[in-house]
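Keep the sequence beside the structure as you read.

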Amino acid sequence: MLDIFANTSIAHLDAYRNKVVNVLDVRKMKQDSQTHCEKLKVKTPGMYEMIDNLSGGNQQKVLLARWMLTKPDILFLDEPTRGIDVGAKSEIYKLMRLLTGMGKSLVMISSELPEVMGMSDRILVMHEGKLKGHIEGSDATQQKIMSMALN
């Protein structure tokens, strides 16, 4: 396992590399990691805390910070709230809404129907690896989704 600093920085190392002398700008890396962790309200004693010492929700936030540092236009989130408490789920949902409000696109994969219905503009229903249908989030009900999945 890596610490928080390494976990947030690892996906975006090339952006911190000085191409002339081929070294990393560690100061900038630390600054960006700290800023994103503060923005995501990661509860930690410090940036060098090992990620496995954090709660599940804070681990999720650190990983979200990792990918946010890459400045993606589209972010894929696979079961983003699995195994975390209700408070951390709420924070993750707020961050997802913030990202979409900034013009980012999110593709969320979740097996929790209430989560899918509450967070989605459009729902693609898949079952056994096959696309079974799609529905606008505002028209979605558990019955419609399950009916699509099973037909």
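Helices (H or I, at least four residues) and strands (E, at least two) are DSSP runs here, numbered from the N terminus. The model is predicted, so local features need pLDDT of at least 70 and side-chain atom pairs pLDDT 80 or more, while totals for chains, interfaces and linings use all residues. Residues count from 1 along each chain as its sequence is written, and side-chain values use heavy atoms, without hydrogens and water.

A pocket is an open set of points on a 1 Å grid over the protein atoms alone, where a 1.4 Å probe fits, with protein on both sides within 12 Å along at least five of seven lines. Lining residues have an atom within 4 Å of a point. Grid points are joined across faces, edges and corners, and a volume is the space filled by probe spheres set on the points.

The largest pocket has a volume of about 820 Å³. Its lining has 24 residues, with Met108, Ser120, Arg122, Ile123 and Leu124 nearest the centre. Helix H4 (86-101), strand S4 (105-109), helix H5 (113-119), strand S5 (122-127) and helix H6 (142-150) each give two or more residues to this lining. S5 gives the largest share, 6 residues.

The second largest pocket has a volume of about 240 Å³. It is lined by 16 residues, and His36, Met68, Leu69, Lys71 and Met102 are the closest to its centre. Helix H2 (26-39) and H4 give two or more residues each. The largest share, 3 residues, is from H2.

Now look along H2. After H2 comes Lys41, with a positive phi near 60°.

Finish at H6. Ile145, Met148 and Ala149 are its buried residues. They fall within an arc of 100° seen down the axis, so they line one face of H6. Their cover includes H5, S5 and strand S6 (130-136). On the other side of H6, Gln143 and Leu150 are exposed.

Terms used:
Buried means under 20% relative accessible area, exposed over 50%, partly exposed in between (1.4 Å probe, protein chains only). The arc is that of the directions from the helix axis to the C-beta atoms. Contact means heavy atoms within 4.5 Å.
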